[in-house]
Amino acid sequence: MGESKHQGPIKATKSPQPKHWVSPIPFGLGKVKPQHFRDTMKIAWDNRDNLGYATRIVTKGVCDGCALGVSGLYDQTLKGPHMCTTRLNVLRLNTMPALKEEIVHADIDELRKYSSTELRKLGRIPYPLIRRKGERKFSRLSWDEAMDVIAEKMKKLDPKQYAFYLTSRGITNESYYVAAKVSRFLGTNNIDNASRICHSPSKTALKRSIGVGASTANYQDWFGTDVLLFWGSVASNASPVSTKYMLEAKKRGAKIIVVNPYKEPAMDEYWIPSNMESALFGTKIADDFYQVNIGGDIAFMHGIMKHWFEMEEKSHGSAINHEFVQEHVNGYEELKATVEQQSWDEIIKSSGISQERIAELAILLANSKNAVFAWALGLTMHSFATDNISQVANLALLRGYLGRKNSGLMPFRGHSSVQGSGEMGADPFVLPGGGFDAENVERIERIWGFDLPKWQGDIVGVTLENIVLPEDHERKIKMYYLSGGNFLETMPDPDFVEKALSELDIRVHQDIIFNTSTLVDAKEAVIVLPAKTRYEQDGGGTSTSTERMVYFSPEIEGNKNYIEEARSEWKIYIDLAKRVKPDTAHLVDFKTGQEIRDEIAVANRDYDGVQHLKKQGDVFQWGGAWLCEGGVCPTPDGRGNLISVEIPDLNRKEGQFIVTSRRGKQFNSMVYKEVDPFNGAERYDVLMNAEDAKRLSIADGEGIVVYNGFGVFQGKAKFVDIAIGNVEVHFPEGNFLLPRGRYEKFAGIPDYNITATVEKADRFNARKDVQYQEKVIEDLEVNAPV
């Protein structure tokens, strides 16, 4: 790895540049746009009962929202204070009082009338709770009683029959690490986390292409690069502070290109509240949009490479960085042959982009010395996601955009410290500091002092399916231990998920709040444990940002609404271990957060340095400023690998649409606004192209139905600037259209894209009355993965 160090925050360019303004009318009056200042006042009002503590969280804590990693009000990228509405929206989870007793112990059917959004606003879980089979309401129990029920059950089960899952709501590296260690100590490898559902293909693809599963570059590399290319990412919506970096990049001459089926308004025009110039006049973010078909990215990238190889025919070295390829890259001839045998017709049909437009981008990149490629869920949530991302890596390797300033590959992470979850080993395929290979297993066994289970643990989707296996099956999951998370609103086929959750013997929800999944029945009992937030964690905690910065967030005193009985998450796991295996539990015992960090530094060698983080503002970056510095990759031969793949066949029948899901004003599955402030879309709006609608004689705002063999989604047509033949629905509302049991072949995440038919609601309903809609039997007919 390189040893260049990050230089720390730099000054932003002060001079206004009117060429990037959206409009000379101050504050974008009269435009559909977020009202940041109004929203901020509203959030302050919501936190008025605990304002001092809320202020301390914002000024002293590391943001528990997105993965940019703002510590207090500052980060390592630009000088000056940073603040955004995503962080302010999540703030209330940390400051609100406990749920009222009459709500905690209300009849279960009364509680089920609330949505997750409403449940969240009611307050925090006050003390441990249990609801046994047949009981109408939760009853209170002591921590000892609760933990004994869980431990007694675990002792009776084969470790293959229980599973752990950790979500991404501000969980620290310390908690991920202890959960990873305790689950293996108890004998199970069924442990998974939320980041795998989003970005595990990024990790698998990058490991395969360049030997590392993390961003090779920093946000500062945007400043001074020639091209900043966002692939299937609405960075401005997910991580609003990044718009500030985008504006700085533009001022320093970067071209910003967005590849996405929908011309996302937030990547088009944005008013950045913490930058005076942008708050007044707005910022035109993207210089160009390429509206690729959903699932057409591989063809599009092959088009760019095909054009490069055509340029090379005419003039050697006009598109490919031959010096870099010869010294640092394998697989060139094979890739060239694969791409050259693909016809332009095939590339244009799959990508939905014309040859002229592809050539434009190919030439721009061929003439650019530097480029940073960033991507998010638009590339990762497909059945061929790993192949998608390896093609992004191909583009970077062919041009040498790796291992140096102003260039690199950046999986754009959504949530705070999801980068750390796998690095701590909370994942069925990894252990701290490496994979589940013999060498790493042996190393970890030496450090931990106990034998690890050697069978392959299952991923979250499979553990859910395994709940409904026959009673005597050795992998039938009978108990699920959840740290946060709501599978009802994040996984495909919610009806099945609800059935599965209710068939568990025991379900444990270690959480801050109730959500809809907390209220589902179980065969023996549902146990709810009140967790402390990141800012209450004993001794503070660390989190890892997208750019591999590990930040320390101190324990913050003075919560007026303190929950007496809440406990730090890592402490709960240790307590569980002591009850299930009291004789050997000293092997997983930690007394302080510092002890955990000391061990992390040994278990994951990249994290050597985390043990020195002790106070607010402490930070270090693992791997140095650039991974693969100088083009040398941590692969067995030190070279990057070009990966050749075929263009996937989407098997779309005549007249069918490809559907994908998008987030609105929400954080993961937590919805904060029913109407998206960027485009005015409501939660059941179906975003579609007016041309497509005209063909089906659908009017804007009309009731329509999107259906396939797996489910039916009823919504309203909303005309937007989206590629023809593509529609988008909100996540999680649209998850009923997605089949379960269809996973990405390398990383095992669910596929969130599907083919479907769109019809006027009245026509669909009239037909439904006369002809019985036959449900597809999945074994006999599989809708091709999109």
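1. Tyrosine 551 has valine 619 as its bridge partner in β20, in what is a predicted model. The pairing to which β20 belongs here is with strand β19, residues 549-553, and it runs in the antiparallel sense over 3 bridges.

2. These strands sit in an open sheet of 3 strands, ordered β18-β19-β20 and paired antiparallel. The edge positions are taken by β18 (541-544) and β20 (619-621), each of which pairs on one side only. Averaged over the sheet, and with direction ignored, neighbouring strands are turned by 20° against each other.

3. Helix α8, which spans residues 173-185, packs on this sheet and touches both β18 and β19; the direction of α8 makes about 90° with that of β18.

4. Turning to another region, glutamate 498 lies in helix α24, residues 494-502, and counts as partly exposed because its relative accessibility is 41%, which falls between the 20% and 50% limits. When residues up to four places away in sequence are not counted, glutamate 498 touches Leu488 and Val520. Lysine 614 is 116 residues from glutamate 498 in sequence, and the C-alpha to C-alpha separation of the two is 43 Å.

5. Finally, a nonpolar surface patch of about 420 Å² is made by Ile25, Phe27, Leu29 and Phe37. Of these residues, phenylalanine 27 lies in the segment before α1 (36-46), and it counts as partly exposed because its relative accessibility is 40%.

Note on methods:
Residues numbered from 1 in each chain as written. Predicted model: local features only at pLDDT ≥ 70, side-chain atom pairs only at ≥ 80, totals over all residues. Heavy atoms only, no water. Helix = DSSP H or I, 4+ residues; strand = E, 2+ residues; numbered from the N terminus. Buried < 20%, exposed > 50% of the residue type's maximum accessible area, 1.4 Å probe, protein only. Contact = heavy atoms within 4.5 Å. Patch = residues over 30% accessible without salt bridge, like charges linked within 9 Å, V, L, I, M, F, W, Y side chains within 5 Å. Areas by Shrake-Rupley, 256 points an atom, 1.4 Å probe, with all protein chains shown as cover. Salt bridge = Lys/Arg side-chain N within 4 Å of Asp/Glu carboxyl O. Pairing = 2+ DSSP bridges. Axes fitted to C-alpha atoms, helices over the stretch in contact; angles between N-to-C directions.
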